Amino acid sequence: MDLTFTEEERRFRDEVRAFLEASLPAAMRHRLLEGLHVPPEDTVAWQRILFRKGWGGPSWATEFGGTGWDPVRQFIFEEECAAAGTPRLLPFGLKMVGPVIQRFGNAAQHARFLPRILSGEDWWCQGYSEPESGSDLASLRTLAVRQGDHYLVTGQKTWITLAQHADWIFCLVRTDRTGKAQAGISFLLIDMKSPGVEVRPITMLDGGHEVNEVWFEDVRVPVENLVGEENKGWTYAKFLLGHERANIAGIGGSKRELIRLKRIAAEERKHGRPLSEDPFFAARLAQVEIDLMALEITNLRVLSAEAEKRAPGPEASLLKIKGTEIQQALTELMVQAVGPYALPFRIEALQDGFAGPPVGPEYAAPLAATYCNMRKTSIYGGSNEIQKNIISQMILGL
Amino acid sequence: MHFNLTDEQRALSDMVQRFLSQEYASDARRKILRSPEGWSREIWGKLGEMGLMALQVPEEQGGMAPATVETLLTMGAMGKALVVEPYLSSAVIGTALVRGLGTPAQRDALLPAMATGERIAVPAHGEAGSRHDLSRVATTARRGGAGWILDGRKAVVLHAPAADLLLVTARTAGAGDAQAGLSVFVVPATAPGVKLIPYPTIDGQRGADVVLSGVELPADALLGQEGQAFEGISAAFDLGVAALCAEAVGVLQATLDATTEYTRTRKQFGVPIARFQALQHRMADMLMHVEQARSMSYLAAMHASSTDVKERRRMVSAAKVTVGQACRYVGQQAVQLHGGMGVTDELAVSHCFKRLLAIELSLGDTDHHLERFITESK
Ligand SMILES: Cc1cc2nc3c(=O)[nH]c(=O)nc-3n(C[C@H](O)[C@H](O)[C@H](O)COP(=O)(O)OP(=O)(O)OC[C@H]3O[C@@H](n4cnc5c(N)ncnc54)[C@H](O)[C@@H]3O)c2cc1C
């Protein structure tokens with residue numbers, strides 16, 4: 001047993017570090033590390049920087065223009081990016097629709113869609129959930145009716161992350177209403193500029209706009225935008241899920257936030273002494289750090305199984321639950337750390353370059369909003385309750 | 001021992017709840033939050049007409065103090081409706097400061113108008129370096145001008161933008177966290193040298209940092225005796241904690257009710273999600289938190305005016321610990337059980353969640369009161 005990276009893997013890590021050091025613009029890094037608003041331009045610009053380096057598809061095979069990295073290298077890359085404070089790469093193209101098109105799409109779809117994901121030209125969003133179909137996704141009702149060389153799509157998707165910036169949406173749609181719910185679903189790619197597509201914003205509890213309703217009214221979608229076979233969409237969606245959950249634990253991001261929390265705790269005072277020396281707070285902080293250590297090793301175990309070509313299985317559920325619990329615990333402790341200065345909430349102070357009068361330490365401004373916002377992580381991507389159902393059924397066989 | 005209310009108490013509680021359910025429903029509240037001032041003078045005036053601002057004012061100044069149970073009931077109703085008006089700051093803590101520290105002449109001068117709600121007076125106490133320590137005050141008051149000159153900066157003064165008067169704690173002697181040498185001054189919010197940096201708080205209330213630069217005050221701005229204010233501050237804030245615990249119980253119950261209601265109606269997999277045992281147990285745990293918090297809110301209310309100071313502190317801290325933990329658990333689980341709807345601004349649940357967060361952090365967080373409970377138990 002060896003819990004460390006190989007010599008070669010360490011060399012790779014150094015290469016990534018050196019690249020990030022040289023190529024990550026300071027302003028982007030600042031916004032991310034300080035919890036400020038990250039504009040969509042950052043996300044696109046960062047994808048383009050990676051693309052120029054040949055790293056636009058860190059998890060893609062070389063035949064599709066990817067890096068061809070194994071799971072351990074992909075993991076190292078993501079960890080280093082998180083630690084350095086790069087904008088998060090959009091998962092919707094790279095980790096979701098990309099792999100589905102590669103595996104189940106035809107040559108024309110490969111040529112048309114994949115390069116534009118790598119180069120950052122196309123922004124994708126994920127159109128699965130509907131108002132009546134959240135955890136019970138297979139009950140979805142958005143209808144696609146074949147009429148000659150196109151489908152007519154009508155229905156409503158909801159909770160669509162960053163659809164307001166998207167060029168394309170990949171949707172699960174119902175193409176057959178007879179038989180089992182899972183058997184009548186297809187995987188359709190829809191141009192957001194198509195007539196009949198409407199995006200309506202949803203305001204989050206922190207006042208932010210990151211999710212939307214997407215309405216379709218008689219939207220004409222050419223049949224060549226169907227991925228794979230009609231009524232096989234559920235199989236593709238399940239395949240996608242495996243990819244979506246890769247690196248779901250978010251170890252790198254949590255390590256970065258842990259460092260930030262320690263920095264805050266050293267600055268803050270309790271009874272006139274550094275908060276980091278307060279036994280109550282120190283114990284809470286240590287507990288999260290220990291949980292994170294355990295999760296990191298668990299994550300490496302899953303990765304090494306994957307490297308031996310065992311597909312990421314239901315263990316991914318464990319990583320998702322513990323990963324999100326740790327992310328949430330870190331935001332709780334940050335709020336606690338700054339004391340009363342967690343309460344002021346000036347949404348304009350979350351914009352980079354805010355020039356208003358300071359209120360409390362600069363790092364305090366986004367913390368309560370981040371705490372509120374991060375409650376989403378145990379809800380989306382398959383809620384933590386649904387993950388526990390998967391563990392009970394698939395791992396424990398109950 | 002009995003936990004029953006008198007007929008008058010029940011009538012008061014019904015009256016406040018009825019009023020708030022009519023005039024402070026979710027849409028009306030949203031409108032108030034979005035208004036430039038962020039609170040409603042009209043609602044405040046009507047709450048005043050009901051006599052609610054007089055509950056902590058002594059009879060001599062036209063009030064009903066001590067009206068412990070009535071305050072508990074009022075705070076509970078305000079919690080349920082997520083009221084943002086400055087009741088806790090002015091009608092509870094501010095009133096208790098004036099009542100506890102003021103000379104008879106000062107009480108006569110200040111309290112009658114506070115009892116009707118015409119005058120709003122809020123404590124301006126916490127500072128950047130004080131966290132939750134009550135005696136760690138760096139703001140100074142020195143003799144000069146016609147009486148006193150104040151310098152310092154107060155942090156996160158809730159409801160300061162609504163206040164006519166700020167009850168500013170300042171050092172007339174001592175340093176650091178010494179209890180001796182603390183005094184309280186009555187400062188008009190419009191006095192020269194007083195500057196407010198106002199902002200909304202995460203839960204939709206309004207607050208401000210208050211900068212005091214050479215604020216000149218007359219001699220009688222000093223509330224009571226010079227340098228002797230610590231015990232009065234401590235008593236007023238303990239009463240505030242007890243009232244906050246009562247408010248929390250109102251929010252907690254509303255949060256739990258919203259969650260059971262939502263899970264009964266939301267269907268997934270062909271059944272109401274309330275049918276999933278995993279969620280049933282979660283809601284059972286929420287209920288236990290609410291009931292434990294309710295019990296402790298009674299305990300805090302009963303001891304909030306106790307003359308046994310050590311015992312008062314111990315009980316109030318015990319209550320705030322239980323309530324703080326309930327706020328966290330119930331708030332988080334309520335959002336979780338609402339799924340995506342829980343993290344939107346649209347439903348009441350996220351507003352409850354944010355108020356519960358603010359309550360947990362206000363007037364001493366859970367760790368602060370855990371520590372104080374240990375200290376006072378020695
Ligand atoms: C911020 C955010 C971003 C999102 N982004 C996207 C996106 O880009 N694209 C997209 O398609 N979707 C997206 N989603 C939707 C997300 O996938 C759903 O919210 C999620 O699947 C839960 O569905 P729901 O909200 O309808 O909750 P519900 O399914 O109604 O669940 C409510 C509660 O019931 C519990 N529950 C449900 N079924 C069971 C069960 N069988 N056993 C035990 N408990 C159960 C849940 O765990 C939850 O606590 C996003 C959601 C959020 C909050």
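**Notebook: ligand site and domains**

I began with the ligand and noted that residues from chains A and B surround it, so the site is shared between chains. I kept in mind that this is a predicted model, in which local features need pLDDT of at least 70 and side-chain atom pairs count only at pLDDT 80 or more, while totals for chains, interfaces and linings use all residues; side-chain values use heavy atoms, with hydrogens and water left out. Residues are numbered from 1 along each chain as its sequence is written, and chains are lettered from A and ligands numbered from 1 in the order in which they are written.

**Ligand shell**

I looked up the residues around the ligand (those with a heavy atom within 4 Å of it) and found 28, of which S135(A), W159(A), T161(A), S383(A) and R266(B) come nearest. By class, I noted 13 nonpolar, twelve polar and three charged residues in this shell, where Ala, Val, Leu, Ile, Met, Phe, Trp, Tyr, Cys and Pro count as nonpolar, Asp, Glu, Lys and Arg as charged, and the others, Gly among them, as polar.

I then went through polar contacts, meaning pairs of N or O atoms within 3.5 Å. On chain A, a polar backbone atom of Y128(A) is 3.0 Å from an oxygen atom of the ligand, and a polar side-chain atom of S129(A) lies 2.8 Å from a ligand nitrogen atom. From chain B, an N or O atom in the side chain of R266(B) is 2.7 Å from a ligand oxygen atom. I recorded that the ligand taken alone exposes 960 Å², of which the protein buries 94% (Shrake-Rupley method, 1.4 Å probe).

Helix 12 (384-395) of chain A and helix 9 (309-337) of chain B are the elements that give two or more residues to the shell, and helix 12 of chain A gives the most, with three residues. Helices here are DSSP runs of H or I with at least four residues, and strands are runs of E with at least two, numbered from the N terminus.

**Domains of chain B**

I read the bounds, which come from an automatic or database domain assignment, as domain 1 (7-119), domain 2 (122-226) and domain 3 (231-377) of chain B. The C-alpha centres of domain 2 and domain 3 of chain B lie 30 Å apart, and eleven residues of domain 2 are in contact (heavy atoms within 4.5 Å) with twelve residues of domain 3.

**Backbone notes**

I noted a cis peptide bond from A65(B) to P66(B), with omega near -5°; P66(B) is in the loop between helix 3 (41-49) and helix 4 (68-81) of chain B.

Conventions: A polar contact is a pair of N or O atoms within 3.5 Å; within protein, one must be able to donate a hydrogen and the other to accept it, and residues adjacent in sequence count only if both atoms are side-chain atoms.
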